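Student: Please take one part of this model and go through it closely. I would like the local surroundings first, then the neighbouring elements.

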Amino acid sequence: MRTLTLLLALPLAFVQACVTPAATPIGAGDQAGIYVSLPLTADLSGLSPAEREMLPLLIEAARHMDAVFWKQAWGDRAALLARIDDPAMRRYAEANDGPWDRLDGDAPFVEGVGPKPAGARFYPADMTREEFEAHVAAHPEDRAAFESLYTVIRRDRDGRLRAVPYSEAFAAETEAAAALLERAALLAEDAGLRRYLELRAAALRSDDYRASDMAWLDMRDNGIDVVIGPIESYEDKLFGRKTAHEAYVLVKDREWSRRLSRYAQFLPELQRGLPVPEAYRAEMPGTDTDLNAYDVVYYAGDCNAGSKTIAINLPNDEEVQLAKGSRRLQLKNAMRAKFD
């Protein structure tokens, strides 16, 4: 059975809660038509004037995550697109955030492009696992920085490996995004959202995300939300360690969230009833788990590459999970689009 994956690339105009479908299916070669653009809609009528004013700021901040992810996944976005003459092929490269087909084992579809490096652009293209491990063994003082979730590995002028913090490697984008989050925070009527935006802006500058993760878990009453920064490590197939930048701008569906919230109390019972050995049922979810429904108004970066995420379960930091739990966000309009 063929799987249909929807391409939901949402422009700034999505602040008006609509995206124009593409006239034709999108694909390259034998993959033509595997992506289809569909409209996503969201009801913004429940948002306050201040929340509506925040949305463009959050979307613009998210767009900077797109720019960072292209650098992490491929490199120079403009240079790649300029060498592709076929509009459909160019759109396919945009959908995949690079010249490798994410639904076909990262096979290259642009002439002259070789295999995708296992470490994407988080490491030098000519670096091997052995060289990385040898450096860390010889320089134990570098281990924390080299193995950090928030550094890229580069070569210095002498060809030696060095770790560069994300806030330095992507300074222009992260500073611009942080400034936009701070502007949005000034408009936030919800104290929890305001605190989160302020702390997330600081995290983009410092590469320390724990405090902002804690603050994100404390939010309960905000009508809009943004998940932004380096989060998942799937793009790093060399070590599975380096996190990629992404962003979601979300509008809460309060009615569906109210209907979903009653199911959170059943999570421990559902866990006990899983048809797996006891060892896999040892961790028990709390009844205070935050389970809500949202409509996506913007995807950016890692979560916008290839197929689209339909649910979020964060944060990934185990210490934060133990201290505060997690939030489960169901992305209702994306689910509906895929179902339809």
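Tutor: Leaving aside residues up to four places away in sequence, T309 touches Y248, Y299, C303, L331 and A334. This is a predicted model. One of these neighbours, Y248, also makes a polar contact with T309, side chain to side chain, at 3.3 Å. T309 itself sits in the loop that links β9 (290–301) to β10 (311–314). Its relative accessible area is 24%, so T309 counts as partly exposed, the cut-off for buried being under 20%. V296 is 13 residues away from T309 along the chain, and the two C-alpha atoms are 9.9 Å apart.

β10 runs antiparallel to strand β11 (residues 327–331), and four bridges join the two. L331, a contact of T309, falls within the residue range of β11.

Helix α7 covers residues 171–187, 17 residues in total, and spans 25 Å between its first and last C-alpha, close to the 24 Å expected at 1.5 Å a residue. Its buried residues are E173, T174, A177, A178, L180, L181, A184 and A185. They lie on the same side of α7 because the arc they cover around the axis is only 165 degrees. An α-helix has 3.6 residues a turn, so residues three or four places apart point the same way. On the other side of α7, A172 and L186 are exposed.

Helix α3 (residues 87–96) can be described in the same terms. Y92, A93, A95 and N96 are its buried residues. Viewed down the axis of α3, they fall within an arc of 160 degrees and so line one face of the helix. Just after α3 comes D97, with a positive phi of about 55 degrees.

Note on methods: Residues are numbered from 1 along each chain as its sequence is written. This is a predicted model: local features need pLDDT of at least 70, side-chain atom pairs count only at pLDDT 80 or more; totals for chains, interfaces and linings use all residues. Side-chain values use heavy atoms; hydrogens and water are left out. The expected span of a helix is 1.5 Å times one less than its number of residues. Buried means under 20% relative accessible area, exposed over 50%, partly exposed in between (1.4 Å probe, protein chains only). The arc is that of the directions from the helix axis to the C-beta atoms. Contact means heavy atoms within 4.5 Å. A polar contact is a pair of N or O atoms within 3.5 Å; within protein, one must be able to donate a hydrogen and the other to accept it, and residues adjacent in sequence count only if both atoms are side-chain atoms. Two strands pair if DSSP finds at least two bridges between them.
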